[in-house]
Amino acid sequence: MVKKLNRLLITGASGALGSHCRQHLKDIARIVRVTDKLELAKSKGNQSEEIINCDLSDYEAVLEVTKECDGILHFGGQATEADWNTVRDSNIEGLYNLYETARLNGCKRIFFASSIHAIGFHPLTKIIDHQATIRPDTLYGASKAFGEALARMYFEKFGIETACVRIASCQPTPQNHRMLATWFSYNDLVELVKAVFRVPVLGCPIIYGVSNNDRKWANNDAVKYLGWSPSDNANDYNEKISHDMEEPPSTSDDFNFIGGPFVSFDIMTKD
Ligand SMILES: NC(=O)c1ccc[n+]([C@@H]2O[C@H](COP(=O)([O-])OP(=O)(O)OC[C@H]3O[C@@H](n4cnc5c(N)ncnc54)[C@H](O)[C@@H]3O)[C@@H](O)[C@H]2O)c1
């Protein structure tokens, strides 16, 4: 890839991560196209930005939105646990629409915002790498595992490269004791996006979206070739967090599972 993208599509551009990247990735492509199911206001100071509203579950609309894009930063979708229809429409149907129209429109590289909830039942007390078994903790987590599998299939069959980024807790600052292990800073996210679209050959790697925190549980050695190394460390906030709130007991899900409290969420069953 290396040379500047011609047109980058950012999905979920109304959301927390999409709107941050919209502001901080203006130079990554000649044109940035933003989309969301919610109405998007024009961004100040970026004349070359294109806005197209669409729901990812609408195939014809997604076919239009992915036209002439050579890269996609995919944040759009249901971003936490919900009822099955919501998860299915946005993260299963929506993802299929994205990949199938990317194929038809000749887009060759995608950053897929997966989640640690695809592997949420792994213990947070051990180090895991890209070979960790899929262990979703929710319907949401299972939809992200589906997304990773779909990305892999489109890579094997059609050569579409995807960074499957298992994002941990991407927040402006760590909010609690658990995030001393799971925090992923906005700055480290933006640098990862740049690395994914800059590297000449990406492949279809699994990447853990987490900062360089003292409390480690993820090994990203398999993607050293990206030239990305996160620089922020949640430990810088340790004192503030300890001052602001009481630490939960060490036996709590927060500390024992990568998925934290999600492992004990009731999934929305039919009965
Ligand atoms: N923020 C995190 O810590 C975190 C952690 C793990 C994974 N992720 C993933 O990163 C992505 C972005 O997360 P976020 O925190 O910005 O979430 P967010 O909820 O703030 O943003 C998601 C956006 O997607 C849009 N959207 C939802 N369904 C849609 C549909 N059917 N069609 C079109 N647009 C739709 C929403 O309107 C919203 O603007 C999500 O896919 C989420 O699963 C985020």
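**Figure 1. The open sheet of the predicted model.** In this predicted model, seven strands form an open sheet in the order β3-β2-β1-β4-β5-β6-β9, with parallel pairing. The edge positions are taken by β3 (50-51) and β9 (206-209); each has a single partner strand, so one side of each is left without a neighbour in the sheet.

Figure 2. Helix α1 (16-24) lies across four strands, namely β1 (5-11), β2, β4 (71-74) and β5. Relative to β1, α1 runs at about 155 degrees.

**Figure 3. Packing of α1 against α6.** The axes of α1 and helix α6 (residues 186-198) come within 11 Å of each other and cross at roughly 65 degrees. Because angles of 65 to 115 degrees count as roughly perpendicular, this value makes α1 roughly perpendicular to α6. The crossing of the two helices is right-handed. On the α1 side, L17, H20, C21 and H24 take part, meeting Y186, L189, V190 and V193 of α6. Six nonpolar and two polar residues make up the contact of α1 with α6, which contains no charged residues.

**Figure 4. Packing of α3 against α4.** Helix α3 (residues 84-105) and helix α4 (residues 139-158) have axes that come within 10 Å and cross at roughly 15 degrees. Since angles under 35 degrees count as roughly parallel, α3 is roughly parallel to α4. The α3-α4 crossing is right-handed. From α3, the contact is made by W84, V87, N91, I92, L95, Y96, Y99 and R103; from α4, L139, Y140, S143, F146, G147, L150, Y154 and F158 contribute. By class, the residues of this contact divide into twelve nonpolar, three polar and one charged.

**Figure 5. The shell around the ligand.** The ligand is surrounded by 25 residues, of which G12, G15, A79, A113 and I167 are the closest. Helices α1 and α3, together with strands β5 (109-115) and β7 (169-170), each supply at least two residues of this shell. The shell comprises nine nonpolar, twelve polar and four charged residues.

Methods:
Residues are numbered from 1 along each chain as its sequence is written. This is a predicted model: local features need pLDDT of at least 70, side-chain atom pairs count only at pLDDT 80 or more; totals for chains, interfaces and linings use all residues. Axes are lines fitted to C-alpha atoms, for helices over the stretch in contact, and angles run from 0 to 180 degrees between N-to-C directions. Angles under 35 degrees count as roughly parallel, over 145 as roughly antiparallel, 65 to 115 as roughly perpendicular and the rest as oblique. A crossing is left-handed if the near helix is turned anticlockwise from the far one by less than a right angle, and right-handed if clockwise. Two residues are in contact if their C-beta atoms, placed from the backbone, lie within 7 Å. Ala, Val, Leu, Ile, Met, Phe, Trp, Tyr, Cys and Pro count as nonpolar, Asp, Glu, Lys and Arg as charged, and the others, Gly among them, as polar. A residue is near a molecule or strand if its C-beta atom, placed from the backbone, lies within 6 Å of it. Two strands pair if DSSP finds at least two bridges between them.
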